[in-house]
Amino acid sequence: MDLGIAGKWALVCGASKGLGFGCAQALVREGVHVLVVARGAQALESAVEQLLADPARPPDTVVQHVAADITTVEGREKVFEKRREFDIVVTNAGGPPPGDFRQWDRDAWIKAVDANMLTPIELIKATVDGMAARGFGRIINITSSAVKAPIDILGLSNGARSGLTGFVAGVSRTSKLASANVTINNLLPGAYDTDRLKGTMAGAAQKTGKPIEELMDARRKTIPAQRFGNPQEFGATCAFLCSVHAGYITGQNVLTDGGAYPGTY
């Protein structure tokens with residue numbers, strides 16, 4: 001299927017590895033020019049090399065990068081100094097650490113809300129009106145399946161990402177945006193084979209005293225698909241939601257979890 005987005009420009013955050021990289025890779029393979037952002041310069045440069053060397057990348061597809069912390073004002077300014085206008089924005093920031101809510105102080109909560117709620121809102125605010133003026137825009141927020149099925153040790157993530165979900169539910173349905181072919185959706189990953197999953201499992205292992213391999217295997221067995229997801233299939237879902245074919249999908253929370261969520265709705 002031709003997604004109809006070749007030649008568009010995308011900003012992909014947290015793109016040096018994991019789900020962010022999967023999204024950048026899928027977009028590049030569709031001929032989308034990308035500006036990829038991550039904090040670690042070395043990992044980001046390695047990711048750019050992989051994207052440029054991808055045999056499925058159309059040869060004229062541009063890959064730019066900025067090493068910056070997108071959750072800071074300075075980081076966002078650095079990104080927009082490189083390029084101001086984007087047709088596609090994929091927001092993504094590392095989730096806050098797991099733990100017991102009794103141990104989190106105000107600073108921990110503010111940091112989580114700043115990274116996982118306010119940063120996506122700032123990126124939406126900075127780009128959405130330009131998208132509307134041009135008659136095309138796609139914003140994808142990578143959040144978490146914990147928005148629908150909270151995980152007790154991920155309280156910081158549960159709270160901050162739920163706040164973003166509520167904000168998107170309202171702004172995505174404004175006629176000024178929806179009628180201008182600008183959509184805003186959230187992608188909710190379940191258990192994917194990423195460093196984030198390994199970190200969460202390491203925290204659980206420390207808390208329970210069980211080997212991490214045992215916990216990983218037990219988690220895998222709770223998923224009807226009997227496996228963890230991979231960044232490539234996540235990226236493909238992201239790319240479709242960015243396509244011309246997804247213009248009638250907005251304000252949605254798209255859950256990709258191998259069937260783990262047990263609810264009907």
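View 1. Two strands are called paired when DSSP finds at least two bridges between them. This is a predicted model in which local features need pLDDT of at least 70 and side-chain atom pairs count only at pLDDT 80 or more, while totals for chains, interfaces and linings use all residues. Residues are numbered from 1 along each chain as its sequence is written, and side-chain values use heavy atoms, leaving out hydrogens and water. Here, β5 (residues 137-142) and β6 (residues 182-189) run parallel and are joined over six bridges. To find your place, look for Ile 140, which stands opposite Asn 185 in β6. Strands (E, at least two residues) and helices (H or I, at least four) are DSSP runs, numbered from the N terminus.

**View 2. Helices α7 and α8 where they cross.** The axes of these two helices, α7 and α8, come within 9 Å and cross at roughly 115°. On the α7 side, the contact is made by Leu 197, Lys 198, Met 201, Ala 202, Ala 204, Ala 205 and Thr 208. Helix α8 answers with Ile 212, Leu 215, Met 216 and Arg 219. Sorted by class, the contact of α7 with α8 holds eight nonpolar, one polar and two charged residues. (Ala, Val, Leu, Ile, Met, Phe, Trp, Tyr, Cys and Pro count as nonpolar, Asp, Glu, Lys and Arg as charged, and the others, Gly among them, as polar.)

**View 3. The second largest pocket.** At least two lining residues come from each of α7 (195-208) and α8 (212-221), with α7 giving the largest share, five residues. The lining of the second largest pocket has 13 nonpolar, five polar and five charged residues. On a 1 Å grid over the protein atoms alone, a pocket is an open set of points with protein on both sides within 12 Å along at least five of seven lines; a cavity is a set where a 1.4 Å probe fits but cannot get out; lining residues have an atom within 4 Å of a point.

**View 4. The largest cavity.** One cavity of 30 Å³ or more is counted in the model. About 70 Å³ of space lies in the largest cavity, where a volume is the space filled by probe spheres set on grid points joined across faces, edges and corners. Of its 13 lining residues, Thr 91, Asn 92, Ala 93, Ala 115 and Pro 120 lie nearest the centre. Helices α4 (106-134) and α5 (155-171) are the elements giving two or more residues to this lining, and α4 gives the most, with five. The lining of the largest cavity divides into eight nonpolar, four polar and one charged.

Conventions. Axes are lines fitted to C-alpha atoms, for helices over the stretch in contact, and angles run from 0 to 180 degrees between N-to-C directions. Contact means heavy atoms within 4.5 Å.
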